[in-house]
Amino acid sequence: MAATAAARGARIALAAHRALAALSRAVSSSGAGTSGTEAVLQERLRQQQAGLEGTPGRPNPGNEEEEQRRKQRLAAVRRLALRLAGLLGAGTGITIIYIFGSNAVDEHGAKVPDEFDGDPVGIQQLRRTYKYFKDYRQMIIEPTSAKLLPDPLREPYYQPPYTLVIELTDVLLHPEWSLITGWRFKKRPGIDSLLQQLAPLYEIVIFTSETGMVCAAMGKGLKPKGGPSLSPIHPQDISCLNRDPAKVVVVDCRKEAFCLQPYNGLALRRWDGSSDDRALYDLTAFLKTIALSGVEDVRSVLENYALEDDPLAAFKRRRSQLEEEEQQRLAEMAQGKKPTGLFLGALAGRLWARSKQQ
């Protein structure tokens, strides 16, 4: 297209030259031409030629110079922005070091001596700042107290015999996001039944890696009526719970959550938000069986399911097998035969013993 426009401009210029020449000859032959008329025509021809220089396909020195100046202005603006960002970052760093690197003061405003007073001034500030942020990080990672739960209740108050530490995200609730509602948390099917049925048997504690603010928002509406309070905590070690480890069951979708005490944990499959999920109903039956059986040490039970890909499915399979054996035993008794199976009271114990054999 640039070549076509250039050719068109050349034809226009040639036609203008020819017209000017013909007009000049006509004026000369008639004797009526004047130098003023010819000057006017030549000026118009120069203006037309100057306009053709700006058409596509022809270099325009003026445009190139303007583009070069524009690039230089942009480069200058970038350099200025980088300098301002550097000054702002340096100022922020100096302010942080000054605030967090200064000596602590007492109630009278006097500086409190510390182990960094013997260092040069700049080194003092840097070491105090580093220590402050290191201690702050450690405070977040480690439990804030050696006892994350209060001491167990004594009579006449009721203290459930077992403690259930259960993960919130992807075990009880599933986060969902949409443009209309933003973040929402869907309750897993069976959550209300679990909390209501286990409340008399277990002290229920919410275990989550979420921040305290998010945990508080997610935990709304989870407290069962008449049941114990749900305490949101983030323990690294269940020995900090202030509860007997033999009576603590940890439920999570990640085995890493209870890697320090692997036989206190039960790993469920991560919930994807499906409304057809039945895992919490099976979990309720499993935990009720443990509590009603009066298990002295839950670790002896959970150890049997530690290697199962789906512990709840294994529990259901063994329970069905034992129920069939019990029905067969009752049928033999009805026929006057000597029963070959165990009595009903021993069925719960066989749920745990059989798992090592399979």
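Colleague: What should I know before we start?

Modeller: This is a predicted model, where local features need pLDDT of at least 70, side-chain atom pairs count only at pLDDT 80 or more, and totals for chains, interfaces and linings use all residues. Residues are numbered from 1 along each chain as its sequence is written, and side-chain values use heavy atoms, with hydrogens and water left out.

Colleague: Why is Asn103 called buried?

Modeller: Buried means under 20% relative accessible area, exposed over 50%, and partly exposed in between (1.4 Å probe, protein chains only). Asn103 has 17%, so it counts as buried. As for its place, Asn103 sits in the loop between helix 3 (61–100) and helix 4 (121–141). Helices (H or I, at least four residues) and strands (E, at least two) are DSSP runs, numbered from the N terminus.

Colleague: Is Leu266 buried or exposed, and how do you know?

Modeller: Buried: Leu266 has 1% relative accessibility, so it falls under the cut-off. Leu266 belongs to strand 7 (residues 265–267). Leaving aside neighbours within four places in sequence, its contacts (heavy atoms within 4.5 Å) include Val250, Phe258, Leu283 and Phe286. Leu266 and Tyr305 are 39 residues apart in sequence, with C-alpha atoms 7.8 Å apart in space.

Colleague: Why is Ile180 called exposed?

Modeller: Its relative accessibility is 81%, so Ile180 passes the limit for that word. You'll find Ile180 in the loop between strand 2 (173–178) and strand 3 (182–187).

Colleague: And Asp170, buried or exposed?

Modeller: Asp170 comes out at 10% relative accessibility, so it's buried. Asp170 lies in the loop between strand 1 and strand 2, and its phi is near 65°, a positive value in a residue other than glycine.

Colleague: Where else is there a positive phi in a residue other than glycine?

Modeller: At Asn242, where phi is near 65°; that residue is in the loop between strand 5 (231–233) and strand 6 (248–252).

Colleague: Which peptide bond is cis, with omega near 10°?

Modeller: The one from Glu155 to Pro156. Pro156 lies in the loop between helix 4 and strand 1 (162–167).
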